[in-house]
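The exercises below are meant to be worked with the coordinates open beside the text. Try each task before reading its solution.

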Amino acid sequence: MHPTLHTTSTVHRPFSHPQLILAPMAGITEPVFRMLCKKHGADIVVTEMVSVEALYRQAKPALKLMDITPGERPVGIQLFGADPKKFAWCAAYIDEHIGPDFIDLNCGCPAPKIVKKNGGSALLKDEKLYARIIESMVQATSVPVTVKIRSGWEMHTWVDVAYAKIAQECGAAAITVHPRSKTMGFSGHSFRERIGEVKNAVSIPVVGNGDVRTPRDALDMFEQTGCDSIMIGRGTYGNPWLFDSIKKALKGEQATAVSRKEKIDTAREHLNAYCRVHGEHRASREMKKHISWYIKGIPQASQLRNDIFRSQSVRELQELLHSDILNDRS
């Protein structure tokens, strides 16, 4: 039996009811993409991860990453770093000046530039520091604190159950589990059974994450793990409709295939909104990857990918989105 999803305007106890969550992804989940995913069924969204070191210094890029709008809510802000005192300061600052629905601690990012500073997955090797960070955040803010972890540093040397218990004991309101090790990166298959092990070990809500690219994947994750909610990351690339498709599948309904026209229209909508929010210069760089994801699977579109990545302006990207191949006039 599949869970019934609940949508709410606020998150008093994050993820306590079955919901679909857009994962925080660096370079992806800026405000335009978050709003697009909300439009197509995401119940909750999370910002790109924010460095506590940069936020503590009041660096403008870090402050900009926390720009949220009322239409995005419920929305969380994710932090990464390794200094409990700075985490406390940042949590208090966010509570006072931003007021998100929750603040999330990143203990899963495998990127070398994050790990070498003892952030992200590096916390999986230091239980005491991990616990101090959670405690410092919980004590500094009235906003619920959540945690996102990987299952371990090395494959089969799993720490997820122990870390979930620590998170619960330290006052975390929920925990998200990506069932891979740091050393796996995003390769190989995820060990989904690890999510179930965590769910059986704690009473706080557990969110399953990893390898959800189709409605069937989501149904299987709910059935196999008993998780409370699901967080989706890479499966949304060029596919913000995935949230709505999953919701239909949970109701036993057949999801309608996304038409070529809808894909291209959404790519144009995304590009135009990105220009308005971030300016043409940034859009001409950052939207290339999104457009290439939108056109994936469209017959003959692969020949346009090189043109997309060679383009130098928003105007060129707009012209490519009006090409005969993409608009079925070939």
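**Exercise 1.** In this predicted model, find the ring over which the charged end of Arg150 sits, and then find the ring that lies under the charged end of Lys125.

*Solution.* Begin with Arg150, whose charged end sits over the ring of Phe186 at 4.9 Å from the ring centre. Then turn to Lys125, where the charged end sits over the ring of Trp153, 4.0 Å from its centre.

**Exercise 2.** Search the whole structure for aromatic pairs, and classify the geometry of the pair formed by Phe15 and Phe102.

*Solution.* The search of the whole structure returns seven aromatic pairs. For Phe15 and Phe102, the ring centres are 5.2 Å apart and the planes meet at 80°, so this pair is edge-to-face. As to location, Phe15 belongs to the segment before strand 1 whereas Phe102 belongs to strand 5 (residues 102–107), so the pair ties together parts that are 87 residues apart in sequence. Both Phe15 and Phe102 are buried.

The next pair to examine is Trp158 with Phe191, which is tilted, with 5.2 Å from centre to centre and 55° between the planes. Trp158 lies in the loop between strand 6 (145–152) and helix 7 (160–169), and Phe191 in the loop between strand 7 (174–181) and helix 8 (193–201), so this pair ties together parts that are 33 residues apart in sequence. With a relative accessible area of 21%, Trp158 is partly exposed, while Phe191, at 9%, is buried. Finally, ring pairs link Tyr56, Trp89 and Tyr93 into a cluster.

**Exercise 3.** Describe helix 1 (residues 31–39) by its buried residues, its packing partners and its ends.

*Solution.* Start at the N-terminal end, which Glu30 caps through a side-chain oxygen 2.8 Å from the backbone nitrogen of Val32. Within the helix, the buried residues are Val32, Phe33, Arg34, Leu36, Cys37 and Lys38. These buried residues pack against several elements, among them strand 1 (20–22), strand 4 (75–80) and helix 11 (260–278). Just after the helix, Gly41 adopts a positive phi of about 115°.

**Exercise 4.** Which residues have the most contacts inside the largest nonpolar core?

*Solution.* The largest nonpolar core has 68 residues, and those with the most contacts inside it are Leu79, Leu105, Tyr130, Val147 and Ile175. Helix 6 (residues 127–140) gives the most to this core, contributing six residues. Taking Leu105 as an example, and leaving out residues up to four places away in sequence, its contacts include Leu79, Phe87, Tyr130 and Val147. A second, separate core of 24 residues includes Tyr274, Cys275, Val314 and Ile325.

Notes: Residues numbered from 1 in each chain as written. Predicted model: local features only at pLDDT ≥ 70, side-chain atom pairs only at ≥ 80, totals over all residues. Heavy atoms only, no water. Buried < 20%, exposed > 50% of the residue type's maximum accessible area, 1.4 Å probe, protein only. Helix = DSSP H or I, 4+ residues; strand = E, 2+ residues; numbered from the N terminus. Contact = heavy atoms within 4.5 Å. Polar contact = N/O pair within 3.5 Å; in protein donor to acceptor, adjacent residues only side chain to side chain. Phe/Tyr/Trp six-rings, centres within 6.5 Å; stacked < 30°, edge-to-face > 60°. Lys NZ or Arg CZ within 6 Å of the ring centre and 35° of its normal. Core = buried A, V, L, I, M, F, W, Y, C linked by side-chain atoms within 4.5 Å.
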